[in-house]
Amino acid sequence: MKIYIKDIGLYVDKEVMIEGWVRTKRSSGKIQFILVRDGTGEVQAVAFKPELGEEKFAICDKLCIESSLRVWGKVKKDERASTGYELGITDIQILQIAEDYPLQKKEHGTQFLLDNRHLWLRSAGQFPILRIRNEIIIAIRHFFYENDFILIDTPILTGSIGETATTLFATDYFDEGKAYLAQTGQLYLEAACMAFSKVYCFGPTFRAEKSKTRRHLTEFWMVEAEMAFYDSNMNMQLQEDMIIYIVNQILKKCQPELKKLNRDISKLENVKSPFPRISYDEAITILQKLGSNIEWGKDFGGDDETILTKQFDRPVFVYDYPKDIKAFYMKQHPTDYRKVKCNDLLASEGYGEIIGASQREDDYNKLMNAIQKHNLNPKSYNWYLDLRKYGSVPHSGFGLGLERTVGWICGLHHVRETIPFPRMINRLNP
RNA sequence: UCCUGAGUAGCUCAGUUGGUCAGAGCGGGUGGCUGUUAACCACUAGGUCGGGGGUCCGAAUCCCUCCUCAGGAGCCA
């Protein structure tokens with residue numbers, strides 16, 4: 001009977017068949033240990049010459065790493081096997097010998113691994129990361145579903161609308177001129193939230209910035225939410241609830257994966273309500289006290305974010321930034337014209353920004369002013385301005401970077417391992 | 001675009017006061033081993049030292065230039 005390795009504990013002393021690949025092999029004359037993986041787990045299969053016979057033992061001898069195979073055998077509990085169980089091979093069938101498989105058991109460099117990303121995905125270290133990514137995505141969707149949000153799929157091909165034109169990927173679009181790959185779904189969500197009240201989108205996002213850092217990809221996944229009748233404080237509360245929900249789900253469902261990644265679980269268990277909330281002004285004071293030479297009016301650098309997040313044992317909100325360093329659509333602060341109602345969420349342990357959020361400008365004239373001040377063409381924003389003409393209400397929203405969130409929860413140094421096939425400034429293949 | 005660092009065997013790397021400096025481990029091949037956990041032991045094949053130019057009796061090593069990669073700045077999630 002064919003089984004999956006994750007279920008092997010249910011079949012002790014039974015005959016089973018497993019289909020999979022060779023993770024590694026060790027041989028010692030008359031006995032061979034073949035570590036078989038099938039995508040759900042791994043198990044040590046043992047070939048013992050006197051029991052298996054010359055012919056089949058010789059077949060095992062031909063196996064190399066990542067060869068595909070079918071094995072039959074009896075499941076045994078055995079402490080000597082790394083996973084607690086082993087399979088006493090009674091028969092074996094090779095599907096293909098993976099001759100000259102490029103990846104070895106020893107360490108490789110990043111470039112080599114990325115060149116072989118299609119094979120690197122099979123490595124033991126990549127399994128927990130992408131399984132956690134999967135669970136995070138499911139947690140996010142559940143969170144929104146349980147909180148009465150409607151999923152709105154926003155377009156990936158767009159006209160010239162968005163934040164700034166310099167960081168867009170362009171492509172020819174029939175007689176309509178240039179189309180751009182979406183760098184946010186927010187403006188469309190604002191339209192949709194006037195129809196459904198609470199909405200979200202979750203899809204790939206594209207930024208043509210020439211960023212070469214461990215926090216950047218040119219194609220990444222962003223979940224964005226938009227809520228009618230939410231002010232900036234309600235917005236932060238929702239973000240906090242969502243992050244706590246995600247972390248709790250991962251702690252509940254992914255203990256084995258976190259363990260394989262050597263993640264310090266206590267750091268994740270700290271992610272509880274309430275998250276500290278500090279204003280931009282307070283953040284500047286703290287940073288200056290700690291020796292940063294940042295001045296009021298400037299955005300935080302990577303080092304500043306690191307210093308700031310290390311002051312707290314959980315993610316921290318920074319709110320109400322100067323308007324000059326933020327996007328045109330953010331709502332003007334009611335009492336301080338130099339600022340806008342917005343917030344970032346900085347993840348702990350130095351990971352930095354994982355959410356950017358704001359209350360949106362709902363006043364037609366103020367929005368029109370901002371568009372003009374940013375040298376944007378009001379014509380392109382006709383429909384966006386319409387939303388302020390026909391039943392405008394206070395509304396807020398945020399965007400969460402999926403890969404940065406996965407990197408933070410997994411405790412990884414670089415976001416490139418958090419997505420199956422990373423797209424970076426000089427990497428388009430595989 | 002700018003700053004810093006790197007490029008030596010299929011992979012990971014050592015080797016720079018210029019002179020047995022063409023090296024190791026892994027991987028491949030051959031042989032050995034009945035409990036291996038990156039198994040081990042013996043033997044063996046593999047390289048135009050990123051490309052080009054220069055200095056020198058002599059360059060992996062020094063100089064110039066180009067290419068590629070990594071990290072960071074800017075920008076952002």
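Reader: Where is N116 found?

Author: N116 is found in the loop between α3 and α4 (117-120). Keep in mind that this is a predicted model.

Reader: Is N116 buried or exposed?

Author: Burial is read from relative accessible area, and under 20% counts as buried. N116 has 12% relative accessibility, so it counts as buried.

Reader: Which residues is N116 in contact with, leaving aside its neighbours within four places in sequence?

Author: Look for heavy atoms within 4.5 Å. On that basis N116 is in contact with P102 and L103. There is also a link to a residue of α3, whose run is 110-115. The side chain of N116 reaches the backbone oxygen of F112 at 2.9 Å.

Reader: Now the RNA. Which residues come nearest to RNA strand B?

Author: Start with the residues around the strand. There are 45 of them, and R26, Q104, K105, R207 and R404 come nearest. Sort the surface by class next. It has 10 nonpolar, 18 polar and 17 charged residues.

Reader: Which element gives the most to the surface near RNA strand B?

Author: Strand β16 does, with 4 residues. Other elements that supply at least two residues include β1 (15-27), β2 (31-37), β3 (42-48) and β11 (219-228). Helix α3 is on that list too.

Reader: Which residues have the most contacts inside the largest nonpolar core?

Author: A core is read as buried nonpolar side chains joined to one another. The largest here has 45 residues, and F144 and I243 have the most contacts inside it. Helix α7 (residues 232-253) gives the most to this core, with 10 residues. Take F144 as an example. Beyond four places in sequence, F144 is in contact with F149, Y200, V223, A225, M242 and F398. A second, separate core has 27 residues, among them Y280, I284, I294 and Y321.

Reader: What is the order of strands in the open sheet of 3 strands?

Author: Strands of a sheet pair through backbone hydrogen bonds, either parallel or antiparallel. In this sheet the order is β7-β9-β8, and the pairing is antiparallel. Both β7 (157-158) and β8 (170-172) stand at the edges with a single partner strand, so one side of each is left without a neighbour in the sheet. Between β7 and β9 (residues 178-181) there are 2 bridges.

Reader: One last residue. Is T418 buried or exposed?

Author: Its relative accessible area is 0%, so T418 is buried. T418 sits in the segment after α14 (402-410). Its side chain reaches the backbone oxygen of V415 at 2.6 Å.

Note on methods:
Residues numbered from 1 in each chain as written. Chains lettered and ligands numbered in written order. Predicted model: local features only at pLDDT ≥ 70, side-chain atom pairs only at ≥ 80, totals over all residues. Heavy atoms only, no water. Near = heavy atom within 4 Å. Nonpolar A, V, L, I, M, F, W, Y, C, P; charged D, E, K, R; others polar. Buried < 20%, exposed > 50% of the residue type's maximum accessible area, 1.4 Å probe, protein only. Polar contact = N/O pair within 3.5 Å; in protein donor to acceptor, adjacent residues only side chain to side chain. Core = buried A, V, L, I, M, F, W, Y, C linked by side-chain atoms within 4.5 Å. Pairing = 2+ DSSP bridges.
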